[in-house]
Amino acid sequence: GSCSYLCKKSKQRKSLKRICEMYSVQAGMQQDSGQQQQQSPGHGPGPYQHLNLRQYIPDNIKTGITDEQLVLKPTKDLNKMLKSTGLPKEDVNKIKQKRRTLKNRGYAASCRNKRELEEESLKVELENLQKDISDLKRSSSEKKIKIEQLRESYKFRQEWAKNNTQIKLPGHLLRSFAAEQADSTN
C-alpha cells in the first residue's frame, strides 16, 4: 500500500525532474529567440510559439521560487506555500496556471523526444527489413538460375539417354520440359 504510493511519488518526481531539465534547455533557447522576434501589438503568440511566461509572471518574484521548483513542488506543498504568502487570489491563480503551462511544455517535450526516438528506431528497422528483402531477392534469383541450370542439364541427359538404345529410362524419370517450363515461370 504505502510503499507502492511512495515508489509512485518517487517515479513522478524523477519524471518531473527530467521534464524540468528538458524545459530548462528549451527555455534558454526560447529566451534568445524571443528577444529577436517582434510581434504586432495586441496579438498573442503565433500558433506554434510559446507564451512568454516571464511577461505573465516575471521570475516568480512574489513567491521566491524558480520555475523548476514550481514544477517539482508537490501540489499540496505549493498550495500551503501560496496560502502562507498571502498573495491575492488572482496572483495565486496565475502562478498555478504558470505551473500547469510549464508542466504541459515538459510533457510535450518528453512526448516529442519519445516520438523522435521511436521514429529513429523505426527507420533502423525499415533499413534492416529492406536489406533482408534485398538479400532474399538476390538469393531467390540465384536459386532460379541454379534451377534453370539443373533443368537444362537434366533435359540434356534425358535426351542423351533416349538416343542411347542401351539405356532404359523408368517412366517416373521422364519429364516433359515444355509443360514444366510454363509452370516454372511463376
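In the predicted model, the protein chain exposes about 14,800 Å², of which 55% is supplied by carbon and sulfur atoms. Buried residues make up 18% of the 186 residues in the chain. The secondary structure comprises 6 helices and 0 strands, so that, read from the N terminus, the order of elements is α-α-α-α-α-α. Among the contacts in the protein chain with a separation of 6 or more, 63% are accounted for by residues 24 or more positions apart.

Helix α4, spanning residues 75-85, packs against helix α5, spanning residues 89-163, at an angle of about 155°, and the two axes lie 11 Å apart. Because angles over 145 degrees count as roughly antiparallel, α4 and α5 are described as roughly antiparallel to each other; their crossing is right-handed. On the α4 side the contact is made by Thr75, Leu78, Asn79 and Leu82, and on the α5 side by Val92, Ile95, Lys96 and Arg99. Classified by residue type, this contact of α4 with α5 has 4 nonpolar, 2 polar and 2 charged residues.

Helix α5 also contains Gln158. With a relative accessibility of 4%, Gln158 counts as buried, since the term applies to residues under 20% relative accessible area. When neighbours within four places in sequence are left aside, Gln158 is in contact with Leu169, Leu173, Leu174, Arg175 and Phe177.

Note on methods
Residues numbered from 1 in each chain as written. Predicted model: local features only at pLDDT ≥ 70, side-chain atom pairs only at ≥ 80, totals over all residues. Heavy atoms only, no water. Axes fitted to C-alpha atoms, helices over the stretch in contact; angles between N-to-C directions. Helix = DSSP H or I, 4+ residues; strand = E, 2+ residues; numbered from the N terminus. Parallel < 35°, antiparallel > 145°, perpendicular 65-115°, else oblique. Left-handed = near helix turned anticlockwise from the far one by under 90°. Contact = heavy atoms within 4.5 Å. Nonpolar A, V, L, I, M, F, W, Y, C, P; charged D, E, K, R; others polar. Buried < 20%, exposed > 50% of the residue type's maximum accessible area, 1.4 Å probe, protein only. Areas by Shrake-Rupley, 256 points an atom, 1.4 Å probe, with all protein chains shown as cover.
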